[in-house]
Each structure stands twice: as structure tokens, then as C-alpha cells.
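Please read this report alongside the sequence and the three-dimensional view.

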Amino acid sequence: MNQRTLLRRGFTDLDDLGDTVLDHSTHVKDPIHGYIPLSEDMLQIIDTPQFQRLRSLKQMGTSYFVFPGGSHNRFEHCIGTAFLAGEVVQGLAKRQPELEISVRDIRCVTLAGLCHDLGHGPFSHVFDNEFIPRAQPGAQWSHEMGSEMMLDHLIDDNAIDFLDSADIAFIKQLIRGTTTPMRDEKMFLFDIVANKRNGVDVDRFDYVQRDCYNVGEPSSYDFSRLILNSRVIDDEICYNQKEAFNLTEMFHTRYSMHKRVYSHRAAKAIEFMIVDAMLIADPVLHISQAVTDPRRYQTLTDNLLYEIERSTEPELQAARDLIARIHVRDTYKFVDEYILPPDLVSAIDSSVTPVAIVGFRSDNDDFVEHDVLVDICRIHFGKGSENPIDHVRFFSKYNTTEKYHIGRELISICVPEKYEERILRIYTRSPAKRGQIQRAARRLIDKLNRNVPSSPGSSPPAPSITPNRALTIPATPANTKRRRLQL
């Protein structure tokens with residue numbers, strides 16, 4: 001029995017809420033949720049150029065270059081998120097009629113799930129986290145802001161008339177998420193699409209399950225059980241206490257996907273190359289200016305790389321060369337990696353820079369600052385250094401009106417003690433200089449370790465950064481590219 005059957009069983013018969021909610025004119029088959037019903041309201045949004053643009057945005061960004069199965073797009077993710085948003089709010093409406101969930105509530109929550117990623121740029125988070133901060137330093141822009149801009153453009157450009165200004169404002173706030181009480185709105189509805197309390201929301205339910213499915217990584221949690229075992233207490237969505245370990249598994253799966261897939265070394269190297277190519281092209285193609293112009297942003301997709309390749313402007317030759325290198329897998333190269341002790345993160349962030357590494361060259365080294373790239377990767381369970389389960393509230397089958405916290409010691413003795421890690425990674429634009437850069441970087445790290453203050457006889461000893469011997473590059477490394485070609 002698939003998850004859609006489990007979800008539909010028992011809580012989607014909402015005749016008392018009116019035909020509008022369940023008046024579905026068509027269905028689409030989805031590998032994650034089975035047959036998804038699409039209402040006329042949803043189709044009016046989906047069948048627009050602004051939403052169809054999402055077909056050209058890879059859900060997993062540059063990870064697709066490493067995991068060929070990750071070819072799915074934000075288009076299907078948004079439809080899946082809308083489906084789950086509708087299932088959650090309709091389930092609550094049936095199980096708890098005292099909540100007085102209205103047809104408007106159901107419509108707006110569902111459409112917020114549908115439209116929440118309208119504002120993503122080329123290669124998703126690469127655009128707003130890496131490219132925009134460098135192309136427009138100091139600019140305050142995020143893909144959520146882009147989603148609001150594109151939603152306005154979609155409504156105006158396609159004469160959408162079934163939403164009034166209050167509905168549109170409500171949908172935008174649902175996309176943005178909030179923990180601040182909103183006048184005339186039910187606060188628990190803001191826990192569904194973008195949950196700022198604890199991160200348990202349908203956006204995460206869909207993307208974690210969809211990404212795991214497409215890249216072939218196992219997922220050990222069951223979001224359908226979470227939906228079935230949820231209820232509202234004191235204007236907050238809470239979960240049956242028996243789902244505490246299931247929720248723990250969801251957060252661990254998120255961490256695992258970031259560790260193994262989203263932050264893959266090769267994917268990050270290609271991300272650096274794409275950002276460099278976009279920065280070279282920006283003065284000519286004015287890519288970064290599109291974030292304030294919805295008509296131009298509408299055409300900005302992953303196809304940007306093909307646009308650069310097709311160009312003939314001499315100013316874009318360097319960008320074309322970078323893209324050509326990606327095609328033949330002549331990418332920037334990973335050099336070294338260190339898992340940072342929490343007490344040293346701030347010191348390392350300011351001390352390990354391309355300039356500092358160049359300062360530790362030996363006499364025969366010829367690499368320069370431009371050859372070196374430094375990245376500090378942050379991976380966590382969803383709430384930074386905190387245990388996200390501490391922010392979730394539960395209820396007992398013996399008392400469904402009282403919410404409470406469950407300590408990790410009551411869930412399992414095998415849960416983590418820390419929930420965040422920072423990984424220092426060094427890359428190079430010049431693969432032939434990997435060994436030089438690694439040796440210089442390790443000399444710098446060794447000096448930083450010697451300078452860490454410690455008290456005499458202190459226990460435990462002062463934290464230090466330990467190189468991974470398995471990553472040590474030989475003085476004369478083998479030509480792995482040639483060996484692959486010979487095989």
C-alpha cells in the first residue's frame with residue numbers, strides 16, 4: 001500500500017467543507033505520492049509560464065552532475081508539496097472540527113505549498129547563497145523574496161482573479177513562515193509549509209523523500225505516519241509521542257543527505273565553476289539585475305549555461321571555457337578537508353583564507369591567491385547546533401489536549417550529542433597545483449594548532465585540527481584522469 005493510500009484513508013472526506021476543495025479536474029501520477037489530484041485553482045497556477053519555468057530548475061542543483069538520478073526538477077517538488085499541504089490541513093479539519101478550518105484556509109495553504117519555490121534561480125541555492133552575494137555585495141535577497149515577486153507577476157500576467165489581496169498576503173506569509181501571531185489568521189497554519197518553530201513541514205517531507213528516491217539513498221522515516229498522527233494543541237501542530245523516533249529519523253535523514261549528497265566534494269567544485277562563469281557573464285548578460293525584474297527573472301533558469309555557450313561575445317570566452325571544462329570533467333579539484341572543533345570555528349573562519357595559505361608557500365611553489373578556494377561547509381540536523389526535537393511538542397493518546405516536550409533520553413540512548421558540524425574544505429582552480437596548496441595549507445593549520453591557548457595541565461587538552469592522512473597527496477600523484485581513459 002503506497003503512502004498516498006495511507007494518507008487518503010480516513011481523513012479526506014470533506015463534504016462538509018464544500019465541493020470547492022475536492023473539485024479536482026485532473027490527476028497526475030507522481031513516483032512519491034501516487035496519483036495527485038489537481039483542483040481548478042491549482043491548474044490556473046500551474047498552467048502559466050511562471051510556474052512552468054520550474055521544469056528547467058534542477059531540484060538538487062549541481063548535485064545532478066555527480067548523482068545522475070537527481071534529474072528531477074522544482075516543478076514536481078512544488079506539486080508534491082502542495083499535495084501534502086492539502087492533506088495536512090484537510091486531515092486536521094476532519095479530525096478537529098473545533099479548529100474551524102475554512103475552505104479559504106485549505107485553498108491558501110495548498111497554494112502556498114504550490115508556489116513556495118517560484119523564486120529559485122539557476123541551480124537553486126547556488127544562485128542566492130553564492131552568486132548574488134558576490135555579484136551584488138550587501139544585497140538583501142533570498143529565493144523566498146523571489147517567490148513573492150514571481151507570485152505577484154504570475155497573478156497579474158495571467159489575470160488570476162480567484163484570490164483577493166488578503167489571500168495573496170496570506171499565501172506570501174505562509175511561504176515566508178513566521179512564529180509571530182498574525183491578526184485574523186490561525187497560527188498553526190504557518191507550521192505546514194515553512195515551519196519556523198522546528199522545521200517539521202511538508203516542504204521538507206517532500207524534498208527529503210523525493211531526493212532520496214531519485215539518487216537511490218534509503219530513507220528510514222515515514223512522513224505519512226507523521227501526518228496521520230498530528231493534531232493542533234494551543235495553536236501549534238503537535239505529534240503523537242510514538243512518532244518521536246520517526247521524527248528523529250527525519251532530521252537524521254536530512255543531515256545524511258547534506259553530508260553525502262548535497263555537500264558532495266565534486267558537486268561543490270562544479271558549483272565554484274558555475275559561479276565563476278556567471279560572475280564573468282554578469283557584466284554582459286546582467287544576470288544579477290533580474291532579481292528585481294520578474295519578466296527577466298522568468299527566463300532565468302539552468303539553461304543559462306547553454307545561453308553562455310551559444311554566445312559569441314569575446315567577453316564571455318572565459319565563461320565558455322569554464323563550461324567546456326565541466327563537460328569534459330576537467331573541474332576544479334578538492335585539495336583537503338578538516339572537521340572543525342566547535343571552539344575553533346570562528347578562529348579558522350578568519351584565519352584560513354587564500355591569502356593566508358599563499359603566505360605558507362615553499363620556495364618552489366608557484367600557486368597564487370586565485371588558485372585557492374576555501375569553503376566552510378555547515379551541516380546540521382535542521383536547527384543549527386540545537387536538537388530540533390527539543391522544539392517539537394508531543395501528546396499522549398491518554399491526553400490529546402496537553403502538549404509536552406520529550407527529552408532525547410526518552411527516545412533513545414543512541415541519539416547524537418551534537419547536531420551541527422563545520423567542515424573546512426580547500427579547493428583549487430588549478431588541478432596541477434593541488435599538492436603545493438595542500439602542503440602550504442597544512443603548514444598554516446599546524447601553526448594555528450600551536451597557537452591555540454591552553455591552560456597548564458588542563459583536561460581535556462585544547463582543541464586542535466587534525467589532518468586526514470588518507471587525503472595526503474603524494475609528492476608525485478598518479479594521473480587518475482589518464483587511468484580512467486585507459487580503462
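Asp371 counts as buried, at 5% relative accessibility, where buried means under 20% relative accessible area, exposed means over 50%, and partly exposed lies in between, with a 1.4 Å probe and protein chains only. Lys433 is likewise counted as buried, at 18% relative accessibility, and forms a salt bridge with Asp371 in which the closest N and O atoms are 3.2 Å apart. The pair links distant parts of the chain, since Lys433 sits in the loop between β9 and α19 (434–451) while Asp371 sits in the loop between α18 (354–358) and β6, 62 residues apart. Salt bridges that share partners also join Glu130, Lys268, Glu271 and Asp375 into one network. A salt bridge here is a side-chain nitrogen of Lys or Arg within 4 Å of a carboxyl oxygen of Asp or Glu, and the helices (H or I, at least four residues) and strands (E, at least two) are DSSP runs numbered from the N terminus.

The model is a predicted one, in which local features need pLDDT of at least 70 and side-chain atom pairs count only at pLDDT 80 or more, whereas totals for chains, interfaces and linings use all residues. Residues are numbered from 1 along each chain as its sequence is written, and side-chain values use heavy atoms, with hydrogens and water left out.

## Other salt bridges

A search of the whole structure finds 30 salt bridges. One of them joins Arg104 and Glu185, with the closest N and O atoms 3.3 Å apart, and this pair links distant parts of the chain, Arg104 being in helix α6 (residues 103–115) and Glu185 in the loop between α9 and α10, 81 residues apart. Arg104 is partly exposed, with a relative accessible area of 25%, whereas Glu185 is buried, with a relative accessible area of 18%.

Glu243 and Arg225 also meet through their side chains in a salt bridge, at 2.6 Å from N to O. Glu243 lies in the loop between β4 and α12 and Arg225 in helix α11 (residues 223–228), so this pair ties together parts that are 18 residues apart in sequence. Of these two partners, Glu243 counts as buried at 1% relative accessibility, and Arg225 is partly exposed with a relative accessible area of 36%.

## Strand β4 and its neighbours

Strand β4 (residues 236–240) is mostly covered, five of its five residues being buried. Strand β3 (residues 230–233) pairs with β4 in the antiparallel sense over four bridges, where two strands are said to pair if DSSP finds at least two bridges between them. Within this pairing, Val232 stands opposite Ile237 in β4. The hairpin of β3 and β4 has two residues between the strands, and Asp234 takes a positive phi near 55° there.

Strand β4 is also joined by two bridges to strand β7 (residues 394–396), and these two strands run parallel. Tyr239 has Phe394 in β7 as its bridge partner.

## The largest pocket

How is the largest pocket lined, and by how many residues? Its lining holds 48 residues, of which His125, Asn129, Tyr207, Arg254 and His258 lie nearest its centre. The volume of the largest pocket is about 1,600 Å³, and β6 gives the largest share of its lining, six residues. Elements that each supply at least two lining residues include α5 (74–95), α7 (125–135), α12 (244–262) and β6 (372–380).

A pocket is found on a 1 Å grid over the protein atoms alone, as an open set of points where a 1.4 Å probe fits, with protein on both sides within 12 Å along at least five of seven lines, and lining residues have an atom within 4 Å of a point. Grid points are joined across faces, edges and corners, and the volume is the space filled by probe spheres set on the points. The lining residues divide into 11 nonpolar, 19 polar and 18 charged, with Ala, Val, Leu, Ile, Met, Phe, Trp, Tyr, Cys and Pro counted as nonpolar, Asp, Glu, Lys and Arg as charged, and the others, Gly among them, as polar.

## Cysteines

With a disulfide taken as a pair of cysteine sulfur atoms within 2.5 Å, the count comes to zero disulfides. The sulfur of Cys108 is 11 Å from the closest cysteine sulfur, in Cys115, which is too far for a bond, and Cys108 is buried, with a relative accessible area of 0%.
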